[in-house]
Amino acid sequence: MSPDQRFARWVRAAIVAFCVLFIYFVLADTYMPMTPQARVLRPVVQVAPEVDGRVKAVAVENNQHVEQGDVLFGIDREPYELALHEARLAREAVNRDNTLIEADLAEARANLESARSTADELKSERRRAESLLERQGISRQRFDQIVADEREARAAVEAARARIRYLTVKLGESGDGNLQLRQADNDIEQAELDLSRTLVRAERAGAVSNLQLREGDYVTRGQPVLALVGNRLDLVADLREKSLRHVREGEPARVVFDALPGEVFAARVVSREAGVRAGQIMADGSLADIPTTDRWVRDAQRVRLHLEVEDPPHPLPVSGARATVQLLPEANPLASLFGGLQVHLMSWLHYVY
């Protein structure tokens, strides 16, 4: 065989191999899609104090594992202990004020009875004076004085009633239903809550991360000071839209983590994202921004899948670790077979790159 014939044979073999591989990749991308665009996400909680103050003690170290309820750091308690003491003193003052109001109310009721008696007496005196005036047994000036005294007595009765209404409203309900007492109790509960918040505890189990606190630092309410990385693993994989035509929730998958070459882990599709950022138009008063491209074949849109690893590695990969995901359709045993071969090949290639 001449060199030209051998070269032509190699060219034909290369063309056939290219066509076979091309068809294989098209079918593989449709029926057994694989993506290296996968990432491990673990829930990250930003830990922020709920009260202001100076840090008295830091009970954990960076990357330390903590359980739910463990103390992370403590804030100076003295200002909040004083606030609680002041709230309790304020409640005692409310009790004292209520006692004084009750005494004033009793006095007002007694004054009302006295004013009523005086008004009744002057009313009777006015009636007698009217009879005397008709018989000219009393001067007109004296009669007018009696009438004025009666009116003044009736005004005193109305004033006493108004005073009672004022004190009754001011006092409010008696006992634990008293408004001022309830407000004072609320202030005490708030002071106790703030005091309890001087000990900042872990809301969930996880690993402490990005801890920059030192004793003596001043922390502000609502300002994050460290992160708590949870123990739950969420694997997200970004695949092209057309690759997800035959993918359903619950289908099996295989995962290879970059940090664990040669190891393949079983997983299952949990859900698919409802949208991506490019699918959201903000109503900010601007006209629609239509993306353009001068490429003949534009980039395919990727959609995110969420997967659950059935038996995750220990220790868990760090949040943000990269992975490769191979989907394995249960309905097609042949595609499942070739997909398994693909992912095992990728697991060994991870030793190289």
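Helices here are DSSP runs of H or I spanning at least four residues, numbered from the N terminus. By that numbering, E158 and R161 both sit in helix α3 (residues 140-171). They are 3 residues apart there, so about one helical turn separates them. The model is a predicted one.

## Salt bridges

Side chains of opposite charge can pair when their charged atoms come close. The structure contains 9 salt bridges. Among them is the pair E158 and R161, at 3.0 Å from N to O. Both partners keep some accessibility. E158 is partly exposed at 43% relative accessibility, and R161 is partly exposed at 32%.

R91 and D185 form another of these bridges, with their closest N and O atoms 2.4 Å apart. This pair links distant parts of the chain. R91 counts as partly exposed, with 21% relative accessibility. D185 counts as partly exposed too, at 26%. The cut-off matters for R91: buried means under 20% relative accessible area.

R77 and E81 also join through their side chains, at 3.5 Å from N to O. R77 has 36% relative accessibility and is partly exposed. E81 has a relative accessible area of 39% and is partly exposed.

| Salt bridge | N to O distance |
|---|---|
| R77 and E81 | 3.5 Å |
| R91 and D185 | 2.4 Å |
| E158 and R161 | 3.0 Å |

## T198 and its contacts

T198 lies in the loop between α4 and β6 (199-201). T198 is buried, its relative accessible area being 0%. Beyond its neighbours within four places in sequence, T198 contacts V51, F73, G74, I75, D76, R77 and Y80.

## Strand β9

Strand β9 covers residues 226-230. Of its 5 residues, 5 are buried, so the strand is largely enclosed by the rest of the structure. In a regular strand, side chains alternate between the two faces of the sheet. In β9, L226, L228 and G230 point one way. A227 and V229 point the other way. Residues on both sides are buried.

β9 has strand partners. Strand β2 (residues 44-47) pairs with β9 in the antiparallel sense, over 4 bridges. In this pairing V45 stands opposite L228. Strand β7 (residues 206-209) also pairs with β9 in the antiparallel sense, again over 4 bridges. Here G206 stands opposite G230.

## Nonpolar cores

In soluble globular proteins, nonpolar side chains tend to be buried together. The largest nonpolar core of this model has 23 residues. V66, L72, F73, V208, L213 and L226 touch the most other members. β5 (71-75), α2, α4 and β9 each supply at least two residues of this core.

L72 illustrates the packing. Not counting residues up to four places away in sequence, L72 touches V47, V58, A59, V60, V66, V200, R201, A202, V208 and L226. A second, separate core has 22 residues, including V40, V255, V269 and L305.

Two residues tie these sections together. F73 contacts T198 and is among the core members that touch the most others. L226 is a buried residue of β9 and a contact of L72.

Definitions and conventions. Residues numbered from 1 in each chain as written. Predicted model: local features only at pLDDT ≥ 70, side-chain atom pairs only at ≥ 80, totals over all residues. Heavy atoms only, no water. Buried < 20%, exposed > 50% of the residue type's maximum accessible area, 1.4 Å probe, protein only. Pairing = 2+ DSSP bridges. Salt bridge = Lys/Arg side-chain N within 4 Å of Asp/Glu carboxyl O. Contact = heavy atoms within 4.5 Å. Core = buried A, V, L, I, M, F, W, Y, C linked by side-chain atoms within 4.5 Å.
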